[in-house]
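Here is a short report on one protein model. Look at the sequence and structure first, then read on.

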Amino acid sequence: MKRIGMGLIGPGFIAPHHIDAVRRLGYVDVVAIAGSSSASAAQKAKLFNVARSYGSYQELIADPDISVIHNTTPSYLHLSVSLAILEAGKHVISDKPLAITAKEGERLRDAAAAAGVVNAVTFNYRGNPLVQQARLMTEREEIGKVFFIHGHYLQDWMTDDTVYSWRSDPTKGGVSSALADIGSHWCDLAEHISSARITAVLADLTTVVKTRYSAGGSAEAFSKDTTVARTPVEVSSEDLASVLVRFDNGAKGCLSVGQVLPGHKNGLEIELNGRTGSVRWNQERQNELWIGRHDQPNAVMGKDPTLMLPGATQYAHLPAGHQESWADAFRNVIGDVYEWVRTGEKPATVCTFSDAYRTCVIIEAMLKSHAAGGVWQEVNVSSGSEQVANRQEAIYGK
Ligand code: SOE
């Protein structure tokens, strides 16, 4: 198989998972890493056993051995870095959210369509085998017409007021915290599993921890360094949100999101209720899918490739009873994007810049709804040039 050269810009918290995922594919070479300085990039390159390092993203983009670039910079840099990658005609994989505003997301969607290259955003929970099982069951109407989609994404890593990273700084993480960081995952999953689109939202937001104590610099997410002097910072972004949701197929929904909820680590849960059955998936019990019935006993389906629907089985790599994990699902998402790079055919599971732009608009609608005093806010997605999924000539120079 033809080998593909990959480069990564922004070697922070999530970077090793991108590198691990591409290495597991077997046909991708991690060519180089770019960081904010030559020294930090060189140090990370050594840590990840990568031969080349660059002190600027422009140098990495210009490297002729690299054709796919992963943008794992803090959210405020997504726009400039992804635009530069697209302008160079290279394939781009961006971390979520696509951008810190819907306007920026729209620019990226349009630039990706114009470039005709592979473009994807790592809404990684799509890669879980039982998420795909739930999506396919819903598509085959195994739970009937879906009328209610609800759930939550609850975390506690920001409970302590000494947790302060770029994610709480509106100039770097955007004005939204909980909704943009994790509410976005739930919205993406709700649309992906149901194939319905969120059309309106009504949101109530709260900042529970209003003052945080910054250790300065660019602390990474989950950093708890207690050895440094700290300065107080007033926080404006929400760390708690309750949202009502309406979908274009008539379904209703509700969602709770929080980052300061003691005991909740990575509690992403989604349930779809249809007229003949229900499905529920919880990230912390990701090898199980709850299937609810009114006229039969309920069931918990374990991840088992021999029992899963065609189309979902390839996301499971181990037999029944062998637990798979966050990193395996992440690898699946990255694997699907490289499949698109390799073949020119986009797998249904890939979240494109166009899909992720929708999510930016949904999150912004939630912020607007709250700012207007808690009123229904429509999700107004601008029309743009169609996604150029198969522009083989642009990608492969045919
Ligand atoms: C931090 O809140 C975080 O790492 C998110 O950024 C991820 O997207 C989520 O998967 C887990 O939590």
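## Terms and model

A residue is buried when its relative accessible area is under 20%, exposed when over 50%, and partly exposed in between (1.4 Å probe, protein chains only). Helices (H or I, at least four residues) and strands (E, at least two) are DSSP runs, numbered from the N terminus.

This is a predicted model: local features need pLDDT of at least 70, side-chain atom pairs count only at pLDDT 80 or more, and totals for chains, interfaces and linings use all residues. Residues are numbered from 1 along each chain as its sequence is written, and side-chain values use heavy atoms, with hydrogens and water left out.

## Confidence

The pLDDT is the predictor's confidence in each residue, from 0 to 100. The protein chain averages 94, and 94% of the residues score at least 70. Over residues 387-398 the pLDDT is below 50. Beyond near neighbours in sequence, this stretch has 32 contacts (heavy atoms within 4.5 Å) in the model.

## Helix H4

Helix H4 covers residues 78-87. It is largely enclosed by the rest of the structure, because 8 of its 10 residues are buried. Among them are His-78, Leu-79 and Val-81.

What do the buried residues of H4 pack against? Their partners are strands S1 (4-9), S4 (68-71) and S5 (91-94), and helices H3 (57-62), H5 (102-115) and H10 (353-371). After H4 comes Gly-89, with a positive phi near 75°.
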